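The sequence and structure come first.

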Amino acid sequence: MKLLRLVVAVCFSLHFSILLLAQSSGPDDRRITDPQLITSASNPKARRIPFDDLYFTRSVSNASWSPDGKDILLTTDMSGRQNLWKVNSAGGWPIQLVQSDERQYGGTWSPDGKWILYQQDTAGNELWDIFAVSSDGGEVLNLTNTPDVREESPRWSPDGKTVALNYKPKTSTIYDLALLDWATRKVSKLTHEQTPDHSWSSVAWSPDGKTLYANRIEGNSTDADVYAVNVSTGKTTDLTPHQGKGLNFASSLSPDGKTLLITSDQKGGYQNVALLDIATMKLTWVTDTKWEANSGDFSPTGKSFTYTVNADGMEDVYIADAANLRAEKIPIEPGLNYFPGYPNSFSPAGDRLLLTHENSVQPADFWVDDLASRNMTQLTHSAIASLSAAAMPASQIVHYKSFDGKVISALMWVPFNLQRDGSSPALVLPHGGPTWQVIDFWNPSVAAFVSRGYICIAPNVRGSTGYGMDFQRANYQDLGGGDLQDEVYATRFLEATGYVSPKKIGITGASYGGFMTLMAIGKTPDIWAAAVDLFGVMDWKTMLQNSDPELQQHTKALLGDPVKDARVYRPPLQSPTSTMRKLLYWCCRATMTRGCRKKRRCKLSICSKKTAKSSTHTTMRTKATALKSGRTRLTRFDAKSR
């Protein structure tokens, strides 16, 4: 029976992927979705999924094979904290290696298998130190102990005597490369970046340990090159020189040390996978797509390598023959699939491959693919039992045109058992970044909303990754402008399905998604019945002045120089502060009801009138705050309200 289910899953995966690619070979070929073709399936088993079922589901990340291939190191919050565990690669109950209230990531084994290095910060301050623990557990050693410096991503040299680190002082805008001497614990910088907006990250050691290959990436991720760094002298050699801006970054080195597996957008601004001959600096292209391809790992023999293709929010995994470049898609269910291993997802013997699979109805888990038998084994089980049995509608990809004709892709979730009578509530979910993309990953919040009757749509607006560099740069100095309209036009698509009431459309997001939420209710208040901002940017100028130096460079990459382009930073162009003041004033006036005056608990943070300046309102803290134009008071609503 289990075998039958596996065969069915594989066949469905292949059918779905072939159908998806047949419909669209790249962003230019996306077909506009007819909203009337969106349907709500009937499912008598549908129910509201309890919040505990969703939020007590655990996560797994940061896997690393032991040198003998018997164990896999991973980070999981099974104990309630993101700690280091290890599990037998054939399956079984995991063993906790380190117990701490602090979080631990980037675990990696020493070449002799005796030690494990990882990074850990304090109380979430992101000032990481490098720690060591015996592979059998025991005393934990802080190797760096630098409260004002970030040391990240430890990478052992082949002889186990040196560890490469990504190194960033707290006040610096960039990362450099540094070397940790394993015997003395001394850390010394290898690179000395002179620009304020280019950071280094290690990729691989040469087999003889004399060269460290690394990526040098501009802060806004629009320009990058691959370098060879002489470990003795610090001399750097650019292996991917190019004119203008372009992305070139490596992910793996062949075992013979002659070839780097890289991602490059030299094909018309779209990311593709290529093999870089180190001696000649020439590229041999592996993929030719306008979707987003990303390089993976070389096998230990060098005869094969991996890569992924993100096609419109669905990411597939491939294994290719290094001799003829023929690639085979690895059969696994649709969703977000990728290679989680550090420094390599291939087992040391090269006979197995570690993958991560998740989608909007399945939390992330590790799977092991036996390359000889093609038998896929689930290694971890993150979902609790009741969630595994819950009925949840899968995501679907839709396309619609925005105000200027740009085609916008979005992930959409339609609850079961809805009537096409224009009565259902809906939520628009702007993503963070903004240099990011909504992919079909596990999202407990979406599952909670959808199981309670909310139609959800998550647009990949202009400025998102995954659709080429021109689209990614289309929001430059226009944050809260064209991209906001892309969110607004998502509401038109929702209404056109016939399911959604225009009086019950809300918007909520975090970080940049929170900024979009604030701009939405400030600039287009008549559209939204509810809005919830989660730590959104209120003012780009003050954020620039007070944020981490590295984040400051990212802000400049989006908005320009704060002196030369000062007008861009001034409200109302890019700041919700001024656009919301008038709205909040009228909300404040409307809610100064008798009941509200009796419950003064929460101080308004932004107001423009003296009468509103010190007002306090419980209703401003509600999860769903009605802001529909014409209403006389702020209200709450749920999926059953009409």
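The sections below cover the chain as a whole, then aromatic pairs, then charges over rings.

## Overall chain

The model is predicted. Its protein chain has 642 residues, of which 56% are buried. The secondary structure consists of 13 helices and 34 strands.

Of the contacts between residues at least 6 apart in sequence, 52% join residues at least 24 apart.

## Aromatic pairs

Across the whole structure, 13 aromatic pairs are found. One of them joins phenylalanine 298 to phenylalanine 305 in an edge-to-face arrangement, with 5.9 Å between centres and 65° between the planes. Phenylalanine 298 and phenylalanine 305 are both buried.

Tyrosine 467 and phenylalanine 471 also make an edge-to-face pair, at 5.6 Å centre to centre and with 65° between the planes. Tyrosine 467 counts as buried because its relative accessibility is 4%, under the 20% cut-off. Phenylalanine 471 has a relative accessibility of 9%, so this residue counts as buried too.

Ring pairs also connect tryptophans: Trp115, Trp156 and Trp182 are linked into a cluster.

## Charges over rings

Arginine 452 places its charged end over the ring of phenylalanine 51, at 4.0 Å from the ring centre. In another such arrangement, the charged end of arginine 492 lies over the ring of tyrosine 489, 4.1 Å from the centre of that ring.

Definitions and conventions:
Residues are numbered from 1 along each chain as its sequence is written. This is a predicted model: local features need pLDDT of at least 70, side-chain atom pairs count only at pLDDT 80 or more; totals for chains, interfaces and linings use all residues. Side-chain values use heavy atoms; hydrogens and water are left out. Rings of Phe, Tyr and Trp (its six-membered ring) pair if their centres lie within 6.5 Å; planes under 30 degrees apart count as stacked, over 60 as edge-to-face and the rest as tilted. Buried means under 20% relative accessible area, exposed over 50%, partly exposed in between (1.4 Å probe, protein chains only). A charge sits over a ring if NZ of Lys or CZ of Arg is within 6 Å of the ring centre and within 35 degrees of the ring normal. Helices (H or I, at least four residues) and strands (E, at least two) are DSSP runs, numbered from the N terminus. Contact means heavy atoms within 4.5 Å.
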